[in-house]
Amino acid sequence: RGSTGSGQHMTARSLSDWLSYLEQLHPSAIDMGLDRSRQVALQAGLSRPAPRVVTVTGTNGKGSTCAFVASLLQAQGLKVGVYSSPHLVRYNERVQIAGVEATDAQLCQAFEVIEKARADVSLTYFEMGTLAAFWLFEQAALDAVVLEVGLGGRLDAVNLIDADMALVTSIGVDHAEWLGNTRESVAFEKAGIFREGRPALCGDIDPPQPLLDQANALKCPLSLRGTDFDLSIEAASWNWFGTDAKSQRVELRDLPLLDLPMQNAALALQAYLSLGLPWQDAAIRQALLDTRVTGRLDRRTFEWRGKQLHVLLDVGHNPHAAVFLAQRLNQRPVSGKRLAVFGLLNDKDLDGVLGELTGCFSSWAVAPLSTPRSRSEQEIAQALQNLGAVVTSYPDVAQALEAQCAQATADDEIVLFGSFYCVAEALEWLAGASRRK
């Protein structure tokens, strides 16, 4: 489907031109509400992005849950689109079509279509990107799409689409200025993605009442972790049970341990089961093992100055994610030491994150992130010193990482975490390190 001549004249924008343009389109980065997006979607003639739509929200675990659901659907030979955010290194990561990132050309064409349709309606960067993704999915003739909510649920641009199934991974307090500062207010916003009579699933072991009330009011068949599905983790494997559409119990036993959060795999398995697709034990096990998310408990081995080193990258940046990271580090001991590389944005709960993890590392290298929203390395270092940790500050993430590489051996593990910015800088450094070998 080539575009008509209009976009091909001399002023065709590159993807980076488009992204800079989108950043200044709207007076605020976040403007909650669906009216503007809905109007542009109508003007662009957007219909459904695919016959089956699964929407995923939650405080933590959205990205890996989306990846597990997509992986399970792809294992059945379905052609699947995934929309997620934010990206780590390239914007293209946000839009995947049949397992492949959208190309610059595809994204530029989609932005052009939405820009034309927008006329004088003001859209945020995220809203433009969301409508562009929907347009690309529609062009690709997919069997299913998995959509990750950007913020909250009820008023997020992704919620324009009436999903066939809505997943809520976990409910914690984050983005309080938009979603309120209680789990109840957050749950109300998340439950905004539920649709009348359509299945809703919740992976939070203790969902606040507003979520249950909303499912009840909309007569959504609600699957709850601990009741309708659950998991148990052993020393070297894990087990899962779920409930199918006929209320029959289905089990998977002795599943191999995964790096990504197994509670998110458990939620994805229940979602897959509820879609009523073929249940093939071997294909399902393999699909779980094959699921990867860049920057989420992302283990890599690389050569550096003649030694082989191991790094674990994780974008976790709130106390909930820190608890999970600490548990995972304890479950997977290393023969040597663990060395931390860490940076954090200034609106995140520094003490809450550090309190969970101080004991996990023999030393910390801290650095500011490449954004005005970064916390200063002095402030992070002071907080760690107060907790009795060994800490050194560096001017940027790359130098902090190099310092830990210099003292690491093949038995050690470097754990780099705290922010998308932190992991993005590390990925660029690692790409350079592999070229410099």
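User: What makes a stretch of this model a helix or a strand?

Analyst: Helices (H or I, at least four residues) and strands (E, at least two) are DSSP runs, numbered from the N terminus. Pro86, for instance, is found in the loop between strand S2 (80–83) and strand S3 (95–97). The model is predicted: local features need pLDDT of at least 70, side-chain atom pairs count only at pLDDT 80 or more, and totals for chains, interfaces and linings use all residues. Residues are numbered from 1 along each chain as its sequence is written, and side-chain values use heavy atoms, with hydrogens and water left out.

User: Why is Ser419 called buried?

Analyst: Buried means under 20% relative accessible area, exposed over 50%, and partly exposed in between (1.4 Å probe, protein chains only). Ser419 has 4%, so Ser419 is buried. This residue lies in the loop between strand S17 (413–417) and helix H15 (420–436).

User: Why is Ala98 called partly exposed?

Analyst: The relative accessibility of Ala98 is 36%, so Ala98 counts as partly exposed. Ala98 lies in the loop between S3 and strand S4 (100–101).

User: What makes Asp254 exposed?

Analyst: Asp254 reaches 55% relative accessibility and therefore counts as exposed. Asp254 lies in strand S11 (residues 249–256).

User: Why are H4 and H5 called roughly perpendicular?

Analyst: Angles under 35 degrees count as roughly parallel, over 145 as roughly antiparallel, 65 to 115 as roughly perpendicular and the rest as oblique. Helix H4 (residues 104–118) and helix H5 (residues 125–139) pack at about 115 degrees, with axes 9 Å apart. Axes are lines fitted to C-alpha atoms, for helices over the stretch in contact, and angles run from 0 to 180 degrees between N-to-C directions. H4 and H5 are therefore roughly perpendicular.
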